[in-house]
Amino acid sequence: MIVICVSQTVGLVVDGAALALGRFRVLVGRNAIFGAGKLALAAALAVAGLRAGTEILVGSWAAAGAATSCWALWRLWRVTGGSGWSFAAIRPGLGYQTITAISATVPAQLLPTLVVAQVGASLAGNFSLTWLLGGLCFSISPAVAQAMLVTHESDLARSTRHAVMIICLMLVLPVTLFLTYRDQVLGLFGPSYSRYGAALLVWLAVSTVPNAVTNVAVARWRVREQLRPAAALSGLI
């Protein structure tokens with residue numbers, strides 16, 4: 001798990017650097033190789049006869065994450081020649097950027113843990129599945145908003161219109177499905193999921209709309225380097 005945490009941290013930093021430098025192939029390549037690599041490695045280990053399922057999954061994740069993060073670091077080092085690889089180069093605005101990023105990611109990771117502590121593992125299983133399904137919707141607007149960060153300020157209005165259009169087109173199907181057929185969708189996994197998770201799934205589907213609005217707003221502020229309102233809005237939410 002230590003290797004996973006370190007490699008994921010390095011990978012996120014590398015992704016941000018690649019995005020800032022306009023090296024989209026490094027960003028896409030790292031994530032694509034990481035996703036395919038951990039699955040291929042887990043399958044190879046399983047075929048080899050290893051039966052410890054958890055160790056296979058964790059080990060594959062750690063190995064693929066470490067390898068792809070090192071590969072992406074090497075690619076960016078070749079591109080930049082090491083220029084700007086110092087804390088002084090990223091210090092301006094680092095505090096506000098960190099607040100914005102943490103406020104957007106930590107609550108979603110922390111909430112399932114709090115639910116387990118409150119209601120126990122059995123009911124938490126119903127919550128976790130519903131939370132994962134809702135997360136399909138919540139992954140769309142952050143990804144599109146992140147793509148806006150490479151936009152020049154003069155093209156921000158056009159980029160915002162395109163982002164809103166893409167988000168709406170990608171959200172309309174899952175949100176409509178969850179609002180209309182929530183019981184049937186959750187019922188595929190068992191009757192208890194529908195009983196305990198239907199209301200939550202409705203709330204998650206509806207909340208994707210204000211979530212998308214705030215993600216786009218924060219992205220616009222970050223493009224304009226107005227980091228204080230971006231951090232304030234993310235922290236407030």
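What follows is a short walk through the fold, the cores, the salt bridges and the surface of this chain.

The model is a predicted one, so local features are reported at pLDDT of at least 70 and side-chain atom pairs at pLDDT 80 or more, while totals for chains, interfaces and linings use all residues. Residues are numbered from 1 along each chain as its sequence is written, and side-chain values use heavy atoms, with hydrogens and water left out.

Starting with the overall picture, the chain holds 10 helices and 0 strands, where helices (H or I, at least four residues) and strands (E, at least two) are DSSP runs numbered from the N terminus. Its pattern along the sequence therefore reads α-α-α-α-α-α-α-α-α-α. The C-alpha trace spans about 55 × 50 × 30 Å along its principal axes. Of the 237 residues, 30% are buried; here buried means under 20% relative accessible area, exposed means over 50%, and partly exposed is in between (1.4 Å probe, protein chains only). The accessible surface comes to about 14,500 Å², and carbon and sulfur atoms own 69% of that. Those areas come from the Shrake-Rupley method with a 1.4 Å probe, and for residues only the protein chains shown count as cover. As for contacts (heavy atoms within 4.5 Å), among those between residues at least 6 apart in sequence, 66% join residues at least 24 apart.

Next come the cores. In soluble globular proteins, nonpolar side chains tend to be buried together. A nonpolar core is taken here as a set of buried Ala, Val, Leu, Ile, Met, Phe, Trp, Tyr and Cys residues joined through side-chain atoms within 4.5 Å. The largest such core has 21 residues, and Leu133, Met148, Ile167, Leu171 and Phe178 have the most contacts inside it. Two or more residues each come from H5, helix H6 (140-147), helix H7 (156-180), helix H8 (182-187) and helix H9 (191-223). H9 is the biggest giver, with 7 residues. Leucine 171, once neighbours within four places in sequence are set aside, is in contact with Cys137, Ile140 and Thr208. A second, separate core has 7 residues, among them Val14, Val26, Leu27 and Ala72.

Helix H5 (residues 94-138) shows up in two further places. Leucine 129 lies in this helix and counts as buried at 18% relative accessibility. Apart from neighbours within four places in sequence, leucine 129 is in contact with Phe189 and Tyr193. Its C-alpha atom is separated by 23 Å from that of lysine 38, which is 91 residues away along the chain. Together with Ile102, Val106, Leu110 and Leu114, Leu111 makes a nonpolar surface patch of about 400 Å². Patches are built from residues with over 30% relative accessible area and no salt bridge, with like charges joined within 9 Å and nonpolar side chains (Val, Leu, Ile, Met, Phe, Trp, Tyr) within 5 Å.

Moving on to charge pairs, a search of the whole structure turns up 2 salt bridges, each defined as a side-chain nitrogen of Lys or Arg within 4 Å of a carboxyl oxygen of Asp or Glu. In one of them, the side chains of aspartate 15 and arginine 30 meet at 2.9 Å, N to O. Aspartate 15 sits in helix H1 and arginine 30 in helix H2 (residues 24-47), so the pair ties together parts that are 15 residues apart in sequence. Both aspartate 15 and arginine 30 are buried, with aspartate 15 at a relative accessible area of 8%. Not counting residues up to four places away in sequence, aspartate 15 touches Leu27, Arg30 and Asn31. In the other bridge, aspartate 155 pairs with arginine 158, and the closest N and O atoms are 4.0 Å apart. Aspartate 155 is partly exposed at 33%, and arginine 158 is partly exposed at 43% relative accessibility.

With a disulfide defined as a pair of cysteine sulfur atoms within 2.5 Å, the count comes to 0. For cysteine 70, the nearest cysteine sulfur is that of cysteine 5, 16 Å away; cysteine 70 is exposed, with a relative accessible area of 51%. For cysteine 168, the nearest is that of cysteine 137, 13 Å away, and cysteine 168 is partly exposed at 47%.

One backbone detail remains. Glutamate 225 has a phi near 60°, a positive value in a residue other than glycine. Glutamate 225 lies in the loop between H9 and helix H10 (227-236) and is exposed, with a relative accessible area of 67%.
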